[in-house]
Amino acid sequence: MTITTKRLSLQTMSTEIVVSGIRSTGHLHLGNYFGAIQNYLKMQDTYNCYFFVADYHALTTHPDPKLLRENVFRVLAENIASGLDPEKVALYAQSDVPEIPELYLMLNMLAYKGELEKVPTFKDKVRQQPENVNAGLLTYPVLMAADILIHKGAKVPVGKDQEQHLEMARNFAARFNKRYGEDFFPEPQVFRFSQDAMKIMSLDGNGKMSKSENVNATIYLSDSDDVIRKKIMKAKTDGGPTEPNSEMPDYISNLFVLLNAMSATETSQSYRDAFNNCNIRYGDMKKQLAEDMVAFVSPIREKAFELQQDHDMLRKILKAGAEKARASASETIEGARKLIGINYY
Ligand code: TRP
């Protein structure tokens, strides 16, 4: 029996390596869940995954040490509560893998000041925090390349805003290969498990939930049942369509996106019919959505809360993840040292 299962999992499991960094700032919300986490959940069953909390990257903005630590534990707990399985993936903290800063140092010799200064995310940061334009901010993409290349990652699930960083990672990999004469690093590619990743808009109808600064228009995985209900009931609607089969405004179609994700098919279909027949009652629809959303979010919130109380458990998970990550990282570093010529023993 065990043998059959093993053989099966070997067949379905790809050896391709997926690497992704999880930001340790900010609370996770529905936009993160449907944009990133849901993709992770599908990948963890198919690929060899390395997922880590990017705590070194967080240092670029000089966070308070106590807060940083809390944020790392929280984001870890929220990801696990959402279904990320530390048995299936290597789940670790970036700072627990010293081979990453070592590779970062090596890659820094192949990264040029001029190209780093041109990166849009760097320019944004210079604008946002002119009093703290540190070298870590400038070399952010180099550290990110090291995160990926340390495992010879081929696929990287990231959003649009990170695509330029990934292009730089490809450049650094190619430069290393060219200089040291070997196909040592793969050139990592942007990866989306499925093309139909759901875009969750902010509940006030102003852009994506992930970009929204309006906390009342964002549903966090840590929101209480009452807060969820209040936010949904306040979501933007209008007087309803006046002509059959009208086109839906963005803020209405977003409510349907959520309804599709949270509610039974018949439920969302019946509201869609009501919309098309011009007899939709948005109040009722929001009440339904709120209850289904509560049923979806509350188990995640409770599990995350439980995990956050159990630092011993989280520490165990981090330790096991770091061991898995270091096994792969030390192999890469050894190879890189050899190619560069700094292996003396
Ligand atoms: N920069 C990424 C973000 O802001 C996080 C990140 C750090 C990352 N290292 C990475 C993502 C490596 C993918 C691979 O979202």
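**Exercise 1. The ligand and its surroundings**

How far does a polar side-chain atom of arginine 23 lie from an oxygen atom of the ligand? Then describe the shell around the ligand.

*Solution.* The model is predicted, so local features need pLDDT of at least 70 and side-chain atom pairs count only at pLDDT 80 or more, while totals for chains, interfaces and linings use all residues. Residues are numbered from 1 along each chain as its sequence is written, and side-chain values use heavy atoms, with hydrogens and water left out.

Step 1. The distance for arginine 23 is 3.0 Å, from a polar side-chain atom to a ligand oxygen atom. A polar contact is a pair of N or O atoms within 3.5 Å; within protein, one must be able to donate a hydrogen and the other to accept it, and residues adjacent in sequence count only if both atoms are side-chain atoms.

Step 2. Nitrogen atoms of the ligand also take part: one is 2.8 Å from a side-chain N or O atom of tyrosine 140, and for a polar side-chain atom of glutamine 162 the distance to a ligand nitrogen is 2.8 Å.

Step 3. Alone, the ligand exposes 370 Å², of which the protein buries 95% (Shrake-Rupley method, 1.4 Å probe; for residues, only the protein chains shown count as cover).

Step 4. Two elements give two or more residues each to the shell, β1 (17–22) and α9 (140–149). Helices (H or I, at least four residues) and strands (E, at least two) are DSSP runs, numbered from the N terminus. The largest share, 4 residues, comes from α9.

**Exercise 2. Two helix pairs**

*Solution.* Axes are lines fitted to C-alpha atoms, for helices over the stretch in contact, and angles run from 0 to 180 degrees between N-to-C directions. Angles under 35 degrees count as roughly parallel, over 145 as roughly antiparallel, 65 to 115 as roughly perpendicular and the rest as oblique.

Step 1. Helix α14 (residues 282–309) packs on helix α15 (residues 311–340) at about 90°, with the axes 5 Å apart. The pair is therefore roughly perpendicular. Leu307, Gln308 and Gln309 of α14 meet His311, Met313 and Leu314 of α15 (contact means heavy atoms within 4.5 Å).

Step 2. For helix α12 (residues 250–262) and helix α13 (residues 265–276), the angle is about 160° and the axes are 9 Å apart. Helix α12 is therefore roughly antiparallel to α13. Among the contact residues are Phe256 of α12 and Tyr271 of α13.
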